[in-house]
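Hi,

Here is the structure I promised to pass on. Have a look at it first, and my notes on the aromatic rings follow below.

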2 protein chains.
Amino acid sequence: MIAIDDTRLSVVRSHGGPSTARGPLDRQRIIGEAVTFVDEHSLQELTMRRLGQRLGVEAMSLYRYVDGREDLLDAMVQQTLVGLDVDPHLRLLPTDGWQAYLQRLAHGVRDIALAHPKVFPLVATRHPDAPWLRPPLRSLTLVEAFLEALIERGFSDDAAVAAYRAFSSFLLGHLLLEVSALGAATAPAEEPLAEPTSEDDGNDVEEAGTERGRNGSDERLAEFPQLRRLEERLSQDDAQAEFEMSLESLLQRLELTLS
Amino acid sequence: MIAIDDTRLSVVRSHGGPSTARGPLDRQRIIGEAVTFVDEHSLQELTMRRLGQRLGVEAMSLYRYVDGREDLLDAMVQQTLVGLDVDPHLRLLPTDGWQAYLQRLAHGVRDIALAHPKVFPLVATRHPDAPWLRPPLRSLTLVEAFLEALIERGFSDDAAVAAYRAFSSFLLGHLLLEVSALGAATAPAEEPLAEPTSEDDGNDVEEAGTERGRNGSDERLAEFPQLRRLEERLSQDDAQAEFEMSLESLLQRLELTLS
DNA sequence: ACCTGAACACCGTTCAAGT
DNA sequence: ACCTGAACACCGTTCAAGT
């Protein structure tokens, strides 16, 4: 008599048993399941109907807890970032300077981006709730803490606000690049499966006026000597180290605005 | 909350003429129309059927020129960026240094982002064609030119590649932030139209257990003294000047790696 | 050669009705 | 109180058929 709470309700067609899996359903569970669904599949594949199925209910039930798909997406963004608001490790300690705080904060956001690379584009591109909230630091609590930390440590109001913007755009740029590259490497989640067609009949006449850009990325490279020469270097990157260095450089730049 | 039906993009008869307006249709015209449609409405609203309507054909006709919606989106990204490849103003002139070139390039990309703020998120988040191409500089020609310019001016291979990445993430962060803020200001494009419902009877009881975060962004501010104090400063920004300064600072940083 | 009608397999969302 | 059946207005996409 064990309640198997393992998560293999993937294609559960449980029309037989009373699927009293986990009680009534609630907003939190919906959002959480939506996030892990996107982690495992993709944003495109996230569908009210599929999400319902995954939770053992019909899609319509979700509308009791969620104000439609848009609301769901907003909630997912908030949910993935909520750790930043509460993690005591990310608090500004009396002992450390603003640099240490920003370092921890930056790494906190990066950890989230890497943990949910398929969700992060949402964090980056959804319109924030307030016009002066900038992604990816999109919560009042967080921005308040940010400003407080800097002002308390000697930043002027203007310098603190400028730092908020510089920090935001730094994180946005670096992390989006990083998850984008990561997506290319982990790619095969988008398209289900392409059946191996019996090609090779050489009948592929390139469509007359259409000029479809199938870049072989190996063929085309002939015309681009630098790219060909540097292809390997361009492919390999130590994102971690790069992040560290750029962050360091940003902090130094901010330090200059202090005097 | 409100039914979202009936966007009234009724038939767009271009000049009062019947449906067959401009000859047979071609890929270029489709892509162009898609871009201006998104400029005027939003990505969400871009639909094969609506796009067809706009071009005076049925949706199915589009599939002769476009390999489905995904292909369309990719083509739109390429299309909005193609100016960078060909604009002679953006070429590396023999007379100027790499700084001048990067300045022009940066402003070229920025101009595009500002001209198509609704398309730019696509530029930022779609998976590039090659794993070592990083948004927003996503064309072989462009990256080749970039590397060439720097290497010719004294950058080592590694320094040039590092510069490419730093430049990319700089543009991505700044421009995404800028168009995001811009979207918030120009907001009303997302939701078609809210019919003037007769209810302004203030009967909005907050849902019982659901805790929906309707941040009034005026109310909630009570608990956040810094935000309240700095709200105005946070709202107003001179994106142009900020871009200029950050770019300048990036160039200086790159210069250091030269020695 | 180019376009469409009809059809298919899905969507998001609403609402009256079930339990 | 919570969920669902049925329905509606859309989607993207395919393909045989029209011109």
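So, how many aromatic pairs does a search of the whole structure find over all chains? The search comes up with eight, where rings of Phe, Tyr and Trp (its six-membered ring) pair if their centres lie within 6.5 Å, and planes under 30 degrees apart count as stacked, over 60 as edge-to-face and the rest as tilted.

One of them is Trp98(A) with Phe155(A), edge-to-face at 5.0 Å centre to centre and 85 degrees between the planes. The two sit 57 residues apart, linking distant parts of the chain: Trp98(A) is in helix H5 (residues 98-115) and Phe155(A) in the loop between helix H7 (140-152) and helix H8 (157-185). Helices here are DSSP runs (H or I, at least four residues), numbered from the N terminus. Both Trp98(A) and Phe155(A) are buried, meaning under 20% relative accessible area (1.4 Å probe, protein chains only).

Next, Phe146(A) and Tyr164(A): their ring centres are 5.8 Å apart with planes at 65 degrees, so this pair is edge-to-face too. Phe146(A) is in helix H7 and Tyr164(A) in helix H8, 18 residues apart, and both are buried. Ring pairs also bring in Phe167(A), making a cluster with Phe146(A) and Tyr164(A).

There are charges over rings as well (NZ of Lys or CZ of Arg within 6 Å of the ring centre and within 35 degrees of the ring normal). Arg110(A) lies over the face of Phe243(A), 5.3 Å from the ring centre. In chain B, the charged end of Arg110(B) sits over the ring of Phe243(B), 5.3 Å from its centre.

Housekeeping: this is a predicted model, where local features need pLDDT of at least 70 and side-chain atom pairs count only at pLDDT 80 or more, while totals for chains, interfaces and linings use all residues. Residues are numbered from 1 along each chain as its sequence is written, chains are lettered from A and ligands numbered from 1 in the order in which they are written, and side-chain values use heavy atoms, leaving out hydrogens and water.

Cheers

Technical notes: Buried < 20%, exposed > 50% of the residue type's maximum accessible area, 1.4 Å probe, protein only.
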